[in-house]
Amino acid sequence: MKDALELELRQLPGVSFVSFFEEGGTSYIELVVAEGAEHARVREEAARCVVNHLEAPADIRVMGVPSEVQVDQPSGNRVVLVVVLPSDGGAAIEVQLSRSGRQYASQAVAGDTAAVGRAVLDALRGLDVYVPYEVVGLHALPSEWGAGLLAVLRDTNTGQLRRGVAGGRAPADAAARAVLNALNRSL
Amino acid sequence: MGEGPSSLAPALGGASEAPLPAPPDIDGSIAELPGLLARSENGIQFIYQSLELIAARYRLSDLAIVVQQPDRPQVFRLKRAPLGAGPKPVPTYLQRALSGAPGVYADPPVVGTLVAAALVSLAELALRLDVLGHDASHDSLTGLLNRRSYELLLEQATSRARRYGWPFALVLLDLDDFKVVNDRYGHAAGDAALRAVGEELRAALRSGDVAARLGGDEFALLVVGVENAASLSPILGRLKRALERAVPQTTVGFSVGVACFPSDTEEPDALMGMADERLYAAKATLG
């Protein structure tokens with residue numbers, strides 16, 4: 001019953017979001033409509049749909065797309081490591097980066113931190129970042145320095161080496177952070 | 001999510017010394033989606049169930065999906081939850097979802113790209129099928145059920161009524177002299193009047209009753225819990241007032257033919273035929 005009602009509500013002019021909830025014993029239906037849609041008309045038509053589908057009355061709220069809070073983009077053009085997570089039942093590692101609202105995922109074999117480093121470079125290229133680097137190696141830091149990895153990258157044009165150090169919740173996480181740290185000044 | 005499944009290819013190809021890993025599919029979420037779609041009664045149910053599935057798999061506190069449709073995007077949120085309008089700001093990921101770019105918006109943002117792409121594609125298909133199904137069963141002008149759906153519903157109502165002994169009335173309703181509206185005010189005004197009649201019919205009926213447009217200016221109602229035509233007086237009174245509001249330019253009236261289950265007959269075709277005969281008898285008295 002609710003599914004059929006929701007389908008009808010979503011076909012009303014400008015409606016792009018429908019939710020149902022209860023508060024203080026009253027049923028509410030919240031509709032978000034596109035800019036320019038007539039709220040009163042949408043509410044009236046929604047009320048007619050509700051009568052056909054629900055036994056009890058519902059309070060209908062029509063609102064525009066919330067714009068009072070700006071979409072948070074603290075990173076601007078910066079590259080952000082979204083997540084490093086196990087994939088394919090633990091056989092692989094997925095690295096997700098984002099930049100300017102775009103997101104890109106790349107994959108590496110689990111247990112190979114150098115492969116994670118390469119996956120980070122691939123993801124950066126997927127985000128259209130110019131990265132003329134290759135992974136030379138990822139090395140565990142001496143234990144007295146804490147749990148972390150040292151990433152060494154080579155500039156394929158000049159041969160110059162870049163190094164970055166980072167820790168993480170897991171070696172793969174630390175590897176991704178260390179590679180990004182090595183590239184920090186160039187990204 | 002910025003990239004689709006094909007975006008994984010460079011990453012896979014880059015690791016030449018290692019065997020190519022399978023596409024990322026945490027805990028087999030993708031494999032479960034088609035089965036879920038097949039088991040769902042409709043597209044909307046599928047969308048919410050798949051959001052539940054993905055949220056549980058990734059241990060998400062919230063999840064929204066944006067599905068592109070021909071005219072505009074549609075945003076769905078886990079558990080049909082509201083935006084929480086009020087002093088509390090709408091979370092950023094939901095604002096991004098409401099901006100309408102198709103994709104998956106999760107808190108935390110950890111849904112794999114391939115899972116997101118599969119979910120969006122299947123949800124898009126499921127919702128489109130829902131809309132097509134709705135269009136095929138409803139009259140495009142008034143939004144009421146069409147003749148075919150009404151006839152199916154009548155058969156179902158008859159079966160239920162036989163099993164449980166629930167009475168109902170079939171009402172055929174035909175606008176009198178509606179041609180005058182078309183001739184005097186044009187077809188656009190006629191269409192607007194029919195739309196208004198449809199809206200008023202819907203508003204005048206109780207929950208559980210059904211209104212349909214059979215064609216032209218002929219409508220049909222299925223009114224539950226009514227044992228004889230006399231019990232319909234209050235409803236017909238509401239309809240008369242509603243019709244006067246719907247077509248105020250002229251004094252268009254309407255004629256009705258009523259047949260009741262089980263007092264008149266228990267057969268759907270016979271009910272229809274009987275209501276039709278009574279409608280034409282009522283029309284004949286208008287002269």
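## A walk through chains A and B

Helix 1 of chain A makes a right-handed crossing as it passes helix 2 of chain A. Keep in mind that this is a predicted model.

Strand 4 (residues 80-87) and strand 5 (residues 92-99) of chain A run antiparallel, joined by seven bridges. One pairing to pick out is A:Val84, whose bridge partner in strand 5 of chain A is A:Val95. Four residues sit between the two strands of the hairpin, and in the turn A:Asp88 has a positive phi of about 50°.

Next comes a sheet. Strands of a sheet pair through backbone hydrogen bonds, either parallel or antiparallel. Here three strands of chain A line up in the order 7-8-9 as an open sheet with antiparallel pairing. Strand 7 (133-140) and strand 9 (161-166) of chain A are at the edges with a single partner strand each, so one side of each has no neighbour in the sheet. On average, neighbouring strands of this sheet are turned by 20° against each other, direction ignored.

Zooming in on one pair, strand 7 of chain A is joined to strand 8 (residues 149-155) of chain A by seven bridges, the two running antiparallel. Within that pair, A:Val135 has A:Leu153 in strand 8 of chain A as its bridge partner.

Which helices go with these strands? Helix 3 (residues 113-126) of chain A lies across strand 7 and strand 8 of chain A, at about 145° to strand 7 of chain A. Helix 4 (residues 171-182) of chain A packs on the sheet too, touching strand 7, strand 8 and strand 9 of chain A, and its direction makes about 135° with that of strand 9 of chain A.

Chain B has 287 residues, of which 40% count as buried. Among contacts in chain B between residues at least 6 apart in sequence, 66% link residues at least 24 apart.

How values were computed: Residues numbered from 1 in each chain as written. Chains lettered and ligands numbered in written order. Predicted model: local features only at pLDDT ≥ 70, side-chain atom pairs only at ≥ 80, totals over all residues. Left-handed = near helix turned anticlockwise from the far one by under 90°. Buried ≥ 20, exposed ≤ 12 C-beta atoms within 10 Å, placed from the backbone. Contact = placed C-beta atoms within 7 Å. Pairing = 2+ DSSP bridges. Axes fitted to C-alpha atoms, helices over the stretch in contact; angles between N-to-C directions.
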